[in-house]
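Open the structure in your viewer and keep the selection panel at hand. This tour goes stop by stop, with something to select at each one.

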Amino acid sequence: MPDHPRDSRAVDLLVIGGGIFGAGVAREAALLGNRVALLEKGDLAQGTSSQSTKLLHGGLRYLEHGQFSLVRESLRERAVQAELAPHLASPLPFLVPLGEGSRLRPWKLKLGLWLYDWLAGRPAGFRPGFLSPEELASAAPALVQTGSRGAGRYFDWQTYDSRLVVECALQAAQHGAQVAPRTEVVDIQGGPPDLFRVRAQTTGARGTEVQEWTARCIVATTGPWTDRFRSRTWPEAAPRSRLTSGVHIVVPKIDPKQAWLITAPSDGRVFFVIPFFGQTLIGTTDRDFEGDPDRAQVESADVAYLLSATNAYLQDRRLTESDVISSFIGLRALVRSGKGHPSHASREKCIFESPAGVWHIVGGKLTTWRLIAHAILRRAAAGGGLRVDDGERSRRTPLPGGCFGLSSDRGLAARELARHGRLEMEVATHLECRYGSRAAEVAEIARDHPQLGTPLLPGWLETPAEMLYTRRFEFAETLEDFLRRRTPLALTTKISAAERSRLERIWAELRV
Ligand SMILES: Cc1cc2nc3c(=O)[nH]c(=O)nc-3n(C[C@H](O)[C@H](O)[C@H](O)COP(=O)(O)OP(=O)(O)OC[C@H]3O[C@@H](n4cnc5c(N)ncnc54)[C@H](O)[C@@H]3O)c2cc1C
């Protein structure tokens with residue numbers, strides 16, 4: 001390969017798209033000592049990677065479609081995530097109720113749960129089981145009991161998708177990668193055997209700047225934008241993805257102890273009702289999507305569908321539109337293969353190279369981001385002279401907030417933080433859950449600047465100190481970045497216009 005000019009915009013690997021796969025590739029490549037840049041047109045995780053169901057899971061329902069290897073791989077990777085970032089991977093029990101009209105037979109569910117557990121390697125402490133109707137009534141009083149035949153119970157892990165992305169990008173930066181949010185790649189020229197020449201446009205508080213980059217190798221992890229991106233750069237490129245949309249809504253607390261995996265009576269699709277920062281996350285829908293991914297919008301029919309499907313399972317309550325605190329839409333870029341219902345389309349990944357030598361991915365899951373990042377890097381490295389390994393470095397390096405040393409006792413970590421930082425236990429737990437082993441750094445800001453320690457919104461523990469921390473150390477540039485992707489506030493609470501302008505003012509006055 002030709003050599004680079006030695007300037008900071010000359011890299012071994014240019015990664016386009018700061019979702020989980022892009023941040024994962026940048027992390028792994030940087031951990032191995034490659035010169036890396038990660039360019040993202042908006043905020044990190046602004047695309048699908050902040051709009052997921054936020055589960056690290058194998059996907060119980062994929063067993064019905066015979067996707068055993070995908071389920072096994074995801075379940076094994078779930079355990080790795082819990083080691084790399086224990087603060088971003090919390091085990092959560094799931095109920096699968098068998099009620100009136102349920103299409104599942106108890107034996108089939110029991111077999112499915114057994115298989116799921118077996119594929120996961122039978123993790124101790126998280127074994128599946130079956131609840132009788134009486135046991136179910138006392139375990140989940142909010143769930144409708146008429147005609148109940150009990151419920152299956154199993155475990156999956158809950159994560160925080162956008163923070164996973166931020167931590168990957170942060171780790172890449174800690175290992176020398178240039179991480180550039182709000183930088184859109186607009187043109188690519190050259191390519192093997194020469195260097196790629198890339199034009200990107202940065203938009204920020206100080207206006208617009210055009211940047212020229214050179215790279216030996218390019219990986220474009222542009223998610224739902226993949227076909228558009230390819231057709232802009234190579235007009236003859238055939239579409240490779242099928243886009244489907246998934247809508248979630250957030251409503252007040254339903255069942256704080258466990259999630260439900262239930263079936264919509266109207267069309268037999270499964271969806272989740274999940275505890276979510278004191279509220280409840282319900283989703284998802286699954287419909288084909290045509291059009292511009294930047295303009296995807298939640299439609300009232302999707303919200304009505306989720307409300308009505310959930311109401312069919314509520315014992316003494318009826319949700320209406322006024323209960324909806326927030327809603328969001330995400331787009332899956334699935335491998336294009338025939339028609340059929342979107343829910344039955346495979347979630348397998350497909351990594352491919354464009355004629356000009358740029359690497360892309362469609363399909364895949366948040367859960368397996370590390371495996372996918374490794375697979376992309378290996379494929380891209382073959383022609384690009386990048387350093388790669390067998391995946392051990394990325395497997396063994398905890399994310400920045402996952403450095404708990406030998407102790408895996410997170411309760412202990414929170415207690416230590418409360419003691420050393422003289423914090424209330426509730427605040428220490430909140431910081432530890434969000435920032436993991438970096439929580440003390442946030443607490444330190446609050447201690448050094450007591451005026452930044454007052455909660456931003458009534459009933460919530462987030463403070464201006466967190467704002468400052470995410471701006472200084474987590475690439476947050478706008479209030480929206482903070483409210484939507486560094487914290488869940490925009491999802492979990494209705495923020496009034498007056499509160500929003502107060503938050504805008506606090507954000508603007510922070511001395512970064
Ligand atoms: C509704 C829904 C629920 C899901 N739930 C789960 C789940 O619970 N568990 C699970 O494992 N998986 C889940 N998934 C799948 C998972 O979320 C995705 O596989 C994953 O987030 C895809 O990440 P990505 O990096 O490919 O895409 P994205 O996160 O969309 O990232 C692509 C990025 O590229 C950027 N970009 C595009 N064009 C350019 C350009 N020209 N220059 C610079 N940047 C550009 C975009 O701004 C975007 O940020 C879900 C998906 C959906 C849609």
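A residue counts as buried if 20 or more other C-beta atoms lie within 10 Å of its own. With 12 or fewer it is exposed, and in between it is partly exposed. Keep in mind that this is a predicted model.

**Stop 1: helix H2**

Select residues 68-84, which form helix H2. Which residues of H2 are buried? They are Leu70, Val71, Ser74, Leu75, Glu77, Arg78, Gln81 and Leu84. Now show what covers them: strand E3 (55-56), helix H3 (106-119), strand E6 (151-158) and helix H8 (369-384) are included.

**Stop 2: helix H8**

Move on to H8, one of the elements covering H2. H8 has 16 residues. From first C-alpha to last it reaches 22 Å, close to the 22 Å expected. Its buried residues include Trp369, Arg370, Leu371, Ile372, Ala373 and His374. Further along, Ile376, Leu377, Ala380, Ala381 and Gly384 are buried as well. The cover over these residues includes helix H1 (20-31), H2 and helix H9 (392-396). Strands E10 (207-220), E17 (350-353) and E18 (359-362) are also among the covering elements. Step past the end of H8 to Gly385, where phi is positive, near 65°.

**Stop 3: the loop with Pro192**

Select Pro192. It sits in the loop between strand E8 (183-190) and strand E9 (196-204). Is Pro192 buried or partly exposed? It is partly exposed, because 15 other C-beta atoms lie within 10 Å. Leaving out residues up to four places away in sequence, Pro192 touches Gly357 and Gly383. Draw a distance from Pro192 to Gly383: the C-alpha atoms are 8.1 Å apart, although 191 residues separate the two in sequence. Then look at the next peptide bond, from Pro192 to Pro193. This bond is cis, with omega near 5°. Pro193 is also in the loop between E8 and E9.

**Stop 4**

Jump to Gly283 and Thr284. The peptide bond between them is cis, with omega near 20°. Thr284 lies in the loop between strand E14 (279-283) and strand E15 (287-288).

**Stop 4: two residues with positive phi**

Show the loop between strand E2 (36-39) and E3, and pick out Ala45. Its phi is near 65°, a positive value in a residue other than glycine. Ala45 is buried, since 30 other C-beta atoms lie within 10 Å. Lys54 is in the loop between E2 and E3 too. The phi of Lys54 is also positive, near 65°. Lys54 counts as buried because it has 24 other C-beta atoms within 10 Å.

**Stop 5: the ligand**

Select the ligand and its shell. How many residues surround the ligand? There are 38, and the closest are Gly17, Gly19, Gly47, Gly223 and Gly246. H1, E8 and strand E16 (326-335) each supply at least two residues of this shell. By class, the shell has eleven nonpolar, 21 polar and six charged residues. Now colour domain 1 (10-48 + 162-239 + 346-396) and domain 2 (90-158 + 241-332). Both give residues to the shell, so the ligand lies between them.

**Stop 6: the domains**

Seven residues of domain 1 are in contact with six residues of domain 2. On the domain 1 side, the touching residues are four nonpolar, two polar and one charged.

**Stop 7: Ala418**

Select Ala418 in helix H10 (residues 410-420). Ala418 is partly exposed because it has 19 C-beta neighbours inside 10 Å. It touches Leu423, Glu424, Met425 and Ala428, not counting residues up to four places away in sequence. Leu431 is 13 residues from Ala418 along the chain, and their C-alpha atoms are separated by 9.9 Å.

**Last stop: the whole protein**

Zoom out. The protein has 16 helices and 18 strands. Its radius of gyration is 23 Å, close to the 24 Å given by the globule rule for 512 residues, so it is as compact as a globular protein of that length. The C-alpha trace spans about 70 × 60 × 45 Å along its principal axes. Of the 512 residues, 48% count as buried.

Conventions: Residues are numbered from 1 along each chain as its sequence is written. This is a predicted model: local features need pLDDT of at least 70, side-chain atom pairs count only at pLDDT 80 or more; totals for chains, interfaces and linings use all residues. Helices (H or I, at least four residues) and strands (E, at least two) are DSSP runs, numbered from the N terminus. Two residues are in contact if their C-beta atoms, placed from the backbone, lie within 7 Å. The expected span of a helix is 1.5 Å times one less than its number of residues. A residue is near a molecule or strand if its C-beta atom, placed from the backbone, lies within 6 Å of it. Ala, Val, Leu, Ile, Met, Phe, Trp, Tyr, Cys and Pro count as nonpolar, Asp, Glu, Lys and Arg as charged, and the others, Gly among them, as polar. Domain bounds come from an automatic or database domain assignment. The radius of gyration is taken over C-alpha atoms; the globule rule is 2.2 Å times the number of residues to the power 0.38.
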